[in-house]
Structures are given as structure tokens and as C-alpha cells.
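Here is a short briefing on one protein structure. Keep the structure open as you read.

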Amino acid sequence: MEKIEFKTDITWRSVALRVALVLGTVAIIVWFMPRDNKFNFKMEVDKVWLYNDLNAQFDFPVYKTDSLVQAERDEVLNDFAPYYVYRNDVAARQEKQLTNHLNKNFHGFGRHFQQVMINSLHAVYAMGIVDTKEPLNHSSDSSQMLRRIDDKDVTMVSALQVMTPREAYERILQASELGVYRDILKEIDLNNFLEPNLTYDEDRTESARLDLLNSIPLAIGVVQSGQKIVSQGEVVTEQTYQILASYKKEIDRRYETDSAFNLMVIGEALYVLLLITLFIIYLSLYRKEFFEKMRYVGMLFSLVIIATLMASLLVGHSLLHVYILPFAIVPIFVRVFMDSRTAIVTLLTVVLICASILQKPLEFIAVEMVAGLVAVYSLRELSSRSQLFWTAILTTMVAMFTNLAVFMIRHNDFTQIDDNEYVYLAICGIIIFCSYPMLYLFEKFFGFISDITLIELSDMNKDLLRRMSEVAPGTFQHSIQVGNLAAEIARKIGGNPQLVRTGALYHDIGKMQNSIYFTENQSGGINPHDGLTYIESAQIIISHVTEGLKLADKYGLPVQIRDLIATHHGQGKAKYFYIKYKNEFPDQPVDDLLFTYPGPNPFTKEQAILMMADAVEAASRSLPDYTEQSIRQLVHKLIDTMVEDGFFHECPITFRDIEYAKTVLIEKLKTIYHTRISYPEMNSAGSVN
């Protein structure tokens, strides 16, 4: 049957908010996705390769080890000759200055002395005086050479021949021809005439050095695209290790470029955007009741973000193992506050996003999806904490079994099994069991209410319910009966039985403020309304809704319970006093608002159920006789009037649901008010009359 029309909260503003939420979620997830996870296999020489067969995705060179490359470089540099520029003018200039100096100051020592001095100076300049020997000190080889650039000619010269100015000075002093003139030499400051004529050419030397180093081949072979690098179960040899290291180096090099990095980020963004978009489309098409409420959408996206960020941080920093993360908590939370199908779709979205950052995505998807499905199936409703314990046990066992099954498919040797994975899965199970405080935080932060909370609120020893049983015992009994009726209807038409039962217990708590003014709490035939006007009486009756909301706020009742209190009369009228007033004053205008409840009308299925159960249960007490016909007429009359008055226009309840609700109410009232047979009495003679 057609569903009764109800208003929607979706506006352009809310659509824009959801679009922003999708884009923000994608941005956060992509931002934190690890960028160095393209090759994070664990490699060790003489250890078994535990991963799948690895094939080259592209051609790449097999690089030499760093130690081998360094050894070859050292060997080449031992024979390297740096460049020095020879300046011819320096020797001629200094010889001329020395000649002038000797003629002026040492003319008396004769022509022979002067010639020996000039020849000695000429000899050291001919060998070469360098400005620095630093480039020549890196080698201990006595055969070290240098390249002397004389105009355009380049000649090789032994490094042993060239001297620094100090060494040239000492060589002149030690010349045998000047032995007899040693005392005179001390008076001549030869340092003034020793100037480097070989200048180190750093630019040309470094260019030649780099050319020489670059000429050393860094690779010893090439691996072709598609070629198998290592097989699963194979022992990693030194050669295989070097190939793996070369493969990793090449991958890192490729992803260092801006274009490759940008392409990778764009791909990740498109992938995450696709999954998140499909997720939001599912909500908009198949779960409108969740899609239209931002607290539901906010909780779902919070779970997706938290789960994926934790996986990204764990993988990005190489911490522990991804199996330690309790992904099954995601469907558990969604199942508790929403439904099974949404729980499974949310889990699938999270697992597929996280799988994109792992090296073994298929194993991860298999283990986490099976574990999540078991969590959903085993936790149809969370009515006690022990259920969470058994869910954690089952989820852990199935996850371990699935991991073992996948291992057996891909391996044929149990010696290759990784025991740590099962330890992490066991720890994950413990975390799931201890997740109840987190469930409580989500419940309070997003304004949800779990069955455990509802059961706790239903405890008759709660202060508010205990007070009502003492102050308004008739109302208390009425509330219990309404709860029983409403819960049966909810089970029949797909509502939340525990929510509507708990809401029924609290829906009339406002009557405690003026309990004597309500019929079910009156005794002895005294009616306090006799001394009041119809308007005053109506206002007192209506006030039990507002007084109930005040008490709900005071005792911190969840918003769902407050909504049930506010809507159980909707925007209906206190009809008894309204009709009385209209009949007694037919010619006087009446302000309908004085006799109207503040509302609003029901906007959830549970609120509609409570309205029907409350009205029928209260009215049934006034029936003169309890026959099937009278009960049926009462139920149909009350509920049909509610439908005609438009109380359910904003409520997602169908005509079929309403018909089922009528049937349940009729059958339950027939059971409650069934007629008992009269028991016979014993006569004086001992025979039965």
C-alpha cells in the first residue's frame, strides 16, 4: 500500500552540507594516505619470501651495491690527475727582480754568485710552484700525476716534482752550488721571489672528476617488464636481494618526480571519491531516513574517517600490523544504531579504501569482510554487554580461520606461516570486547540511544519511575500497559520495540505534577475538575506534556524519549473538555489553541505507535462491556480519526502498518479484558450448585 506522505528535511542547504562533507572526507583520507607504501616488503638475505610472486612492473636496472660502487670510485680516483694552469711570465718576472736585488745589495759577491742564484730560482720555477697541493694529498700513491696546462698544451707531470713556495725555498737552500753562500742566503729574503706559477683549475678538475665518476656503470644488468623477480616461498639470495633493492630504488626514484606524485594523489582522490560517492548514493536511495538526518550521516562518515586514518598511520609509520585494528567495530556501531544493511555497506567502503594502501589487499579484504559480516550477524541487537563479548569471540575466531584458509590457498608449507598475524587478530578481538566505552561516547556525541541504555532506563528502580509509581500509581500502570501494547505493534510492523516500550514508561511522567487531576489516579469519587472551568481543566491536562519535558530535561533523558513525550498527543485536543465547552457555550467563539496540545505530531514510526497505543489503552478503560465487537469498534474509531486528522502526515508509516497495528491492539485488548467464568459455590449439603 502507499506510504502516508510526510515532509522531508532535505533542502539546498542540506544538500550543499552533504556535498561538503563528502569532499571534506575525501580530502582528509587522501591527505593522510601513506605515500611510501609502494614497496614495503620485508627483505632479508637467506630468509623465505613470504609474499606473493613478485613480477617487475617495468624495465629497471639491477644496481651495484653501494660498497662496490664506492670501491670502484676510489680505484678510479687514485689515478685521477687534477688540472693546473702553468704561467710562463711568473718565472721571468721574479728572475728579473732577483737580478736587480742582487746587483743592488750583493754586487760584491761576484758574477758567479748571481748566476748560481738565478739558475736555482729558474730550476724551481721550471719544475713548478703550486698554489695548493690539496687536490694531490688525497692519494698515497707516489705515482700521482697532475695535468699541466701550458697555453693549449696539456702535459702530465709527476706530483713529486711540483712544490709549494716553502718547499721551493728549502730546495734552493739545500742546493749544493750554494753551499758556500749559505750565510749570505740568510740575508736574502727568497720568499719575496717565490710566487706560484701553477694555479689549481678547480672548475676543469671537478668537471673531469664528475665525468670520470659518471663513466662508472652503476648497474650490472637489466630486469625486463613482466620478468619474475622472486617467487613465494623462495629463499632470498644475495643476488635476489640486490634485484629487490634495485626494484625498490627504481620505484622510489619514479615517485620522487612531481608528475608521478601528482598522478598518484589524483588517482587516490578519484578512488576514494568514487567509493564515498557510492556510499552516499546508497544512503540517499535506500536509507533516506538516515540520509535526511545529519547526525546519522555524521556518525557514518566519522567511522569511515577514523578507521581509514588509523590504517594510514599504521601503514605509513610501519607500526605493528594492520590486523590489530578492530575494523569490525565499524559494522557493530552501525548495526547498533541503524541497521544491518547499512552496517555491511559501511564496512565494505572502509575495507576497500584501506585495501588500496596495503601490499596484500586481497587477504585483508577477505579477513576483514568475513569478520565484519560475522559481527553483524551475531549482534542483531545489543541488549546486554555479554553479547559484545560473544561477538568479539566469534569475530576473532572467524578472522583467524579465514586468514588460515587464505594462507592454505596460497601456500603449501606450514613452516611459512606468520604467527604474528594471529597474535594481532587476538589483540584485535580484545579491543572489540573493550569497545563499549567508545560505543557510549558515540551514543552521547551523536544523540543516539542503544538498547542497553533503553533497558537501563526501563529499570523500575529508576528514581523517576519509582516516584511515579508512588505519586501516580494509576498512570504508572497505564504506562506499563501502553508499553506492552506498543512493543507488540513495533515487532509486527518493524519498529524498535525496546525504544517504544521505554518511551511508554516515561510518556506521562508530567502527570506527577498534578496526578489527582487525571482519572486513573482518582479514588473515592472526588473529582478536582468540578471546581474548575473547562479551559482551566484543559490547560492542566495539556500541561502534563510540557511538565514531562521539563522532568526529562532535569533527569537527562535521551532526546528520543523526550520526543516520544512531546508527540504522544501530537497537536490533538483535550477533547473531553473541548466538547463540553462547545456544547455548553454553542454561541460563544472558542480559541482552539486553549484546548490543543503543543505537539508536534509524530515524525517517527515509534512515535506513531505510541500515540495509537496510548489513546486506545486509555479509552478502553471506559468501555461499558468488553466484547470483541466493542473493542474492534473502539480501535478502528480512534485510529481512523487520527489518520483523518492528519496526525501521521509527517510520519514514515504506511496504511498497511496502521492496519497491522489495529489488529495487534484488538487481539491484545481481547486478551487483557477476556471474560472469566463464574466459579460454583458449595451448598450446605456438600453438593455443588
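Is the crossing of α15 and α16 left-handed or right-handed? The crossing of these two helices is right-handed. Keep in mind that this is a predicted model.

- Two packed helices are described by the angle between their axes and the distance between the axes.
- For α15 and α16, the angle is about 160 degrees and the axes are 8 Å apart.
- An angle over 145 degrees counts as roughly antiparallel, so α15 is roughly antiparallel to α16.
- On the α15 side, the contact is made by Leu388, Phe389, Ala392, Thr395, Thr396, Ala399, Met400, Asn403 and Leu404.
- On the α16 side, Glu421, Tyr422, Leu425, Ala426, Gly429, Ile432 and Phe433 take part.
- By class, the contact of α15 with α16 has 11 nonpolar residues, four polar ones and one charged one.

**The cavity**

- Rolling a probe the size of a water molecule over the atoms shows where empty space is left.
- How many cavities of 30 Å³ or more does the structure hold? There is one.
- The largest cavity contains about 80 Å³ of space.
- Its lining is made of Phe327, Ala328, Glu368, Ala371, Thr395, Thr396, Ala399, Leu425, Cys428, Gly429 and Ile432.
- Three helices each supply at least two residues of this lining: α14 (361–378), α15 (385–410) and α16 (419–433).
- Which helix gives the most to the lining? That is α16, with four residues.
- Seven of the lining residues are nonpolar, three are polar and one is charged.

- Helix α11 covers residues 294–316, and helix α13 covers residues 340–355.
- Their axes lie 10 Å apart, at an angle of about 30 degrees.
- Angles under 35 degrees count as roughly parallel, so α11 is roughly parallel to α13.
- The crossing of α11 and α13 is right-handed.
- From α11, Leu300, Val304, Ala307, Thr308 and Ala311 meet residues of α13.
- Their partners in α13 are Thr342, Thr346, Val350, Ile353 and Cys354.
- This contact has seven nonpolar residues, three polar ones and no charged ones.

**The pair α21 and α25**

- Helix α21 runs over residues 497–506, and helix α25 over residues 605–620.
- Their axes come within 10 Å and cross at roughly 50 degrees.
- The two helices are therefore oblique to each other.
- α21 passes α25 in a right-handed crossing.
- Leu499, Val500, Gly503 and Ala504 in α21 touch Glu606, Ile609 and Leu610 in α25.
- The contact of α21 with α25 has five nonpolar residues, one polar and one charged.

**Backbone details**

- Is the peptide bond from glycine 599 to proline 600 cis or trans? It is cis, with omega near 10 degrees.
- Proline 600 sits in the loop between α24 (575–584) and α25.
- Aspartate 46 is not a glycine, although its phi is positive, at about 65 degrees.
- Look for aspartate 46 in the loop between α1 (12–32) and β1 (54–55).

Terms used
Residues are numbered from 1 along each chain as its sequence is written. This is a predicted model: local features need pLDDT of at least 70, side-chain atom pairs count only at pLDDT 80 or more; totals for chains, interfaces and linings use all residues. Side-chain values use heavy atoms; hydrogens and water are left out. On a 1 Å grid over the protein atoms alone, a cavity is a set of points where a 1.4 Å probe fits but cannot get out, and a pocket is an open set with protein on both sides within 12 Å along at least five of seven lines; lining residues have an atom within 4 Å of a point. Grid points are joined across faces, edges and corners, and a volume is the space filled by probe spheres set on the points. Ala, Val, Leu, Ile, Met, Phe, Trp, Tyr, Cys and Pro count as nonpolar, Asp, Glu, Lys and Arg as charged, and the others, Gly among them, as polar. Axes are lines fitted to C-alpha atoms, for helices over the stretch in contact, and angles run from 0 to 180 degrees between N-to-C directions. Angles under 35 degrees count as roughly parallel, over 145 as roughly antiparallel, 65 to 115 as roughly perpendicular and the rest as oblique. A crossing is left-handed if the near helix is turned anticlockwise from the far one by less than a right angle, and right-handed if clockwise. Contact means heavy atoms within 4.5 Å.
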